[in-house]
Each structure stands twice: as C-alpha cells, then as structure tokens.
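Let us walk through this structure step by step.

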Amino acid sequence: MKTEKELFIEVEHAQLNHDGQSVCGDCFKSCKLGGQQRMISVLSDGLGSGVKASILSTMTATMALKFMSTDSEIVRSAAIMMEALPVCAVRKISYATFTIIDTGPSGRTRIIEMDNPAFILMRDGKRVEIPHEEMAAPGWEKRKLHIYELNMKPEDRLIVFSDGISQAGMGTPGLPLGWRREGCAEVIHDALTHAPDMSARALARRVLHEALMRQPEHKAIDDMTCGVVYFRHARQALVLTGPPFAAERDQEYAQMVADCDGHIAICGGTTANIIGRELGREIKTSLRGGGGGLPPVSKMQGVELVTEGILTLTQTASILESDTIPAKRNAAVELAEMLRESDHVRFVVGTRINEAHQDPTLPVDLEIRRNIVKRIAKALEKRYLKQVDLEYI
Amino acid sequence: MEKVQVRICMGTTCFVMGAAQYEGIEEELPEDVQSCVEILGSPCLNLCKDQNFGKAPFVMMNGKPLAGLNRSDLIGLIIRTARGLEE
C-alpha cells in the first residue's frame with residue numbers, strides 16, 4: 001500500500017442530444033498522455049444540431065486534442081482549426097466553439113476557451129473566478145480566445161458546459177434569459193455542499209439533469225453537454241477473481257482483501273469461499289435479486305460486492321464497452337458502477353481453471369476468466385481513462 | 001426438531017445449468033414445511049469440480065449432495081424430507 005496518497009485527474013461528461021436528433025452536435029473528448037501524467041479534454045459545440053453539428057464539433061475536438069498533445073502554438077492552431085471546418089450551406093460560415101483543458105501532474109492547468117460559456121472552478125466548496133488573457137488569430141479577430149492559467153489544488157473541480165446547459169429554461173416565465181452560468185453554479189454549489197466528495201461523473205449527470213428539469217416539457221431544445229474535471233486523491237478499487245493457481249497462495253490472496261482500504265469486489269463463488277475461509281468471514285448468499293440472467297450478490301463483512309464470476313464479469317464488460325446501463329440493477333450493474341466511481345483499479349486474477357466450465361454440454365459459452373478481465377481493463381483504460389493494474393496469481 | 005438445511009449453489013456452472021429456476025421456492029412450500037426448513041444460497045458448493053456427484057445444478061440437503069433436480073422435484077423432496085417421509 002502506498003503511504004502517500006496518489007493524485008488523480010478524473011474526467012467525465014454527461015450529454016443529451018437535441019430532442020429528435022440521433023447524434024449529438026456537441027463533442028467531448030479526452031486523452032491521457034504519458035500514463036497518468038497529463039490529461040487533455042476538449043468540449044466543442046458545433047453550429048446547429050444533428051449530423052452536421054456533430055461533424056463540426058468532432059473535427060474541432062479531435063484537432064484540438066492533437067494540437068495540444070503535440071504542444072503546438074495555440075493561436076496558430078486555432079486558426080488552422082477554424083479554416084479546416086466545412087462551411088455551412090445555410091449560414092455560410094464554418095463554426096464550432098471549444099474549451100480546452102490541459103492539466104499536468106502537478107496541477108498546472110491551461111484552459112483555452114472560444115465562445116463556450118466560461119468554465120466554473122469550484123475550490124473548497126466555493127466558486128473561484130480566474131483572470132484571463134484575450135487573444136485572436138490574424139483574420140479571425142471576432143473569434144476571441146480566452147486563455148487561463150491556474151494551479152489546480154487537490155479537490156478542485158472544473159466544470160465546462162455547452163450553451164444548451166447555460167440557456168436551459170430560456171423563455172419560460174421564471175427564466176426569461178435561461179438558467180445561465182449563475183444558475184448552473186448555484187446547483188453545483190448545492191450539490192457539492194451536500195456531497196463534498198461527489199465524483200466527476202455524478203456531478204456532470206446532476207448538472208445535465210437539473211438543466212433538463214428547467215426546460216419546457218423537460219425536452220432538450222439544443223444539444224446539452226456538461227464535462228467535469230476533478231483533481232483528487234485517487235479512489236482505489238481492488239477486484240479479486242478466480243482461485244490462485246497454487247493453493248499455497250490462498251492466504252496471500254485473501255490478505256489483499258484484509259489490507260485494502262479502498263473499494264473491494266470479489267467475483268467468483270470459489271474465490272469468495274477461499275477468502276471467507278482464510279479470513280474467517282462468513283458469506284451470506286441470497287437466492288433473490290439476481291436479475292438480468294445473473295446470480296444474486298452475496299454479503300461478506302468488509303467487502304462491498306461479492307458476485308458470481310464469469311457471467312457477471314462478461315456482462316460487466318459489455319456494460320462498460322457499450323456504456324449502456326441496463327434498467328434493472330444486478331451484480332454486473334453494481335460492479336460496473338463501482339469501477340466507474342474508482343480511479344485506480346487493481347485486478348488480481350487467480351488462474352486456476354474450473355474444469356466444469358470446460359464441459360461442452362453447458363448451455364452457454366463460458367469465456368476464459370483472464371480474457372474477460374482484459375476486456376474490462378481495456379474498456380476502463382481507453383474509454384474511462386482509469387489507471388488499471390492487472391496481476392495474475 | 002432440527003430444521004432441514006437446504007443449501008443451493010449459486011456458482012457459475014450450477015446457475016447456467018438451471019439453479020436460476022430455484023428462485024422463490026420457499027414461497028411454494030406449505031406452511032407447516034416452511035417453518036421447519038432453512039433454505040440458503042451458497043457462492044459455490046464445490047461439487048462441480050469432479051464428476052463424483054453427477055450433473056449440476058447442485059443442492060445440499062442436510063449435508064447430502066443432490067444433483068440435477070428440476071424445480072418441482074426439489075420442492076417435492078424438501079416437503080417429503082421435512083415431513084419425515086424421506087431420509
């Protein structure tokens with residue numbers, strides 16, 4: 001266990017398409033450079049909505065990530081991005097806004113905004129305004145770039161959103177000009193007062209939900225996106241699955257559970273039995289509440305989640321890969337949620353094969369454990385930018 | 001009188017081989033039987049590892065392994081055991 005707490009940059013976003021559109025005209029993209037050392041995120045809002053807007057914002061966000069990750073000069077890069085966008089046949093302009101957030105390991109952060117609502121920085125439960133510098137590319141004088149430099153401190157959050165969020169409720173009797181950045185900031189403030197350690201994901205979803213609640217008929221009349229960057233002490237999760245190859249290592253394996261002070265999941269009946277036996281902890285298995293084709297979860301003192309193995313892991317991998325949460329809660333939904341709420345996930349995979357799983361008369365295919373765990377690890381790393389360690393025992 | 005102990009395996013093999021159908025069997029037992037039976041799940045009864053005990057799904061009743069029962073057979077067996085008609 002590390003004595004010094006590791007810092008982690010959690011980036012998540014929540015998004016809703018313009019009502020009736022099948023794609024989102026906003027784009028939120030992130031990339032991690034040099035392991036966990038640097039994180040770049042971009043929010044872009046394309047002109048209009050639907051496919052055309054989606055192309056504009058995706059091009060902008062993709063180019064911005066590329067330019068930032070190669071440390072290109074920003075004013076020149078902005079000009080290239082604006083010149084590269086296709087011109088709208090109706091409006092005769094090419095246009096997509098952007099906000100770029102570039103955070104380094106020490107917390108040194110640069111934010112570049114063009115025409116998006118200004119970001120919100122929350123520090124110690126309060127909103128903090130940061131001064132900016134203004135620049136423009138030659139020939140694009142009206143497209144002002146706002147450039148901010150700041151040092152993120154542990155527990156700071158940056159919240160960015162498209163105008164679909166800040167203009168929520170516009171034209172309704174109570175909010176003639178919409179909810180605006182002020183209204184949004186109030187909701188964030190309230191949310192964090194009640195839950196100071198709210199994850200980036202939960203906060204982004206909360207802001208989106210609150211914005212939508214202010215819309216007439218709760219319909220999105222513009223694409224709505226909220227992104228949150230949360231600089232915080234890493235939340236650790238430990239997932240143990242499979243019996244150790246050599247039974248002599250059972251005790252060592254179980255001890256990992258006893259030593260862990262983060263979230264813990266045990267996935268596998270035999271695995272749970274081994275750990276229960278070695279640590280002298282009782283396991284209670286319900287016969288109810290499985291759902292979605294999975295066995296129910298069990299209970300063990302000091303462990304948040306005890307599930308069946310292969311079937312649950314396979315469904316968890318599908319949930320994470322497709323980013324769609326089944327309506328009914330079951331063991332896989334709970335595991336996927338736990339993993340997404342964590343920053344640093346350590347998988348320890350026991351590699352002893354259960355021969356009964358190889359029986360060709362089984363009515364379903366049972367995947368090899370380490371392959372499924374690899375799928376989950378890949379999704380967590382690539383899709384959710386988590387730090388993942390994978391060990392075999 | 002000691003309760004009849006029923007342990008139902010919820011491990012992967014048993015689950016795919018039909019243990020899912022045992023959900024809620026308790027409610028189907030007559031009242032006199034319900035009071036003298038304890039039905040619990042188990043993460044894994046460890047009976048599928050070799051071929052000695054027959055085919056999954058497995059149930060342990062009063063320490064005796066039972067293999068491949070369907071829902072109604074299991075219910076019938078619990079009732080008979082609880083009423084002392086079966087060893």
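A salt bridge here is a side-chain nitrogen of Lys or Arg within 4 Å of a carboxyl oxygen of Asp or Glu. This is a predicted model, in which local features need pLDDT of at least 70, side-chain atom pairs count only at pLDDT 80 or more, and totals for chains, interfaces and linings use all residues. Residues are numbered from 1 along each chain as its sequence is written, chains are lettered from A and ligands numbered from 1 in the order in which they are written, and side-chain values use heavy atoms, with hydrogens and water left out.

Across all chains, the search finds 25 salt bridges. One network of them links Arg127(A), Glu129(A), Arg181(A) and Glu182(A). Within it, Arg127(A) bridges to Glu182(A), with the closest N and O atoms 3.3 Å apart. This pair joins distant parts of the chain: Arg127(A) sits in strand β7 of chain A and Glu182(A) in helix α4 of chain A, 55 residues apart. Helices (H or I, at least four residues) and strands (E, at least two) are DSSP runs, numbered from the N terminus. Arg127(A) is partly exposed at 32%. Glu182(A) is also partly exposed, at 43%.

A second pair is Asp250(A) with Arg277(A), whose closest N and O atoms are 2.8 Å apart. Asp250(A) belongs to helix α6 (residues 250–259) of chain A and Arg277(A) to helix α7 (residues 269–279) of chain A, so the bridge ties together parts 27 residues apart in sequence. Asp250(A) is buried, at 5% relative accessibility. Arg277(A) is exposed, at 52%.

Now the sheet. It is open, has 5 strands and runs in the order β1-β11-β10-β6-β7 (chain A), with antiparallel pairing. Strands count as paired if DSSP finds at least two bridges between them. Why do β1 (7–16) and β7 (126–128) of chain A each have one side without a neighbour in the sheet? Both stand at the edges, each with a single partner strand. Neighbouring strands are turned by 25 degrees against each other on average, direction ignored. Axes are lines fitted to C-alpha atoms, for helices over the stretch in contact, and angles run from 0 to 180 degrees between N-to-C directions.

β1(A) pairs with β11 (residues 224–233) of chain A over 10 bridges, in the antiparallel sense. Contact means heavy atoms within 4.5 Å.

What of the cysteines? Cys14(B) is buried, at 2% relative accessibility.

Last comes the interface. Here 28 residues of chain A are in contact with 20 residues of chain B. The two chains bury about 1900 Å² between them, 61% of it on carbon and sulfur atoms. Buried area is the accessible area (1.4 Å probe) that two parts lose on being put together, summed over both. The chains share 1 salt bridge. Asp359(A) forms a salt bridge with Lys55(B), the closest N and O atoms being 3.0 Å apart.

Conventions: Buried means under 20% relative accessible area, exposed over 50%, partly exposed in between (1.4 Å probe, protein chains only).
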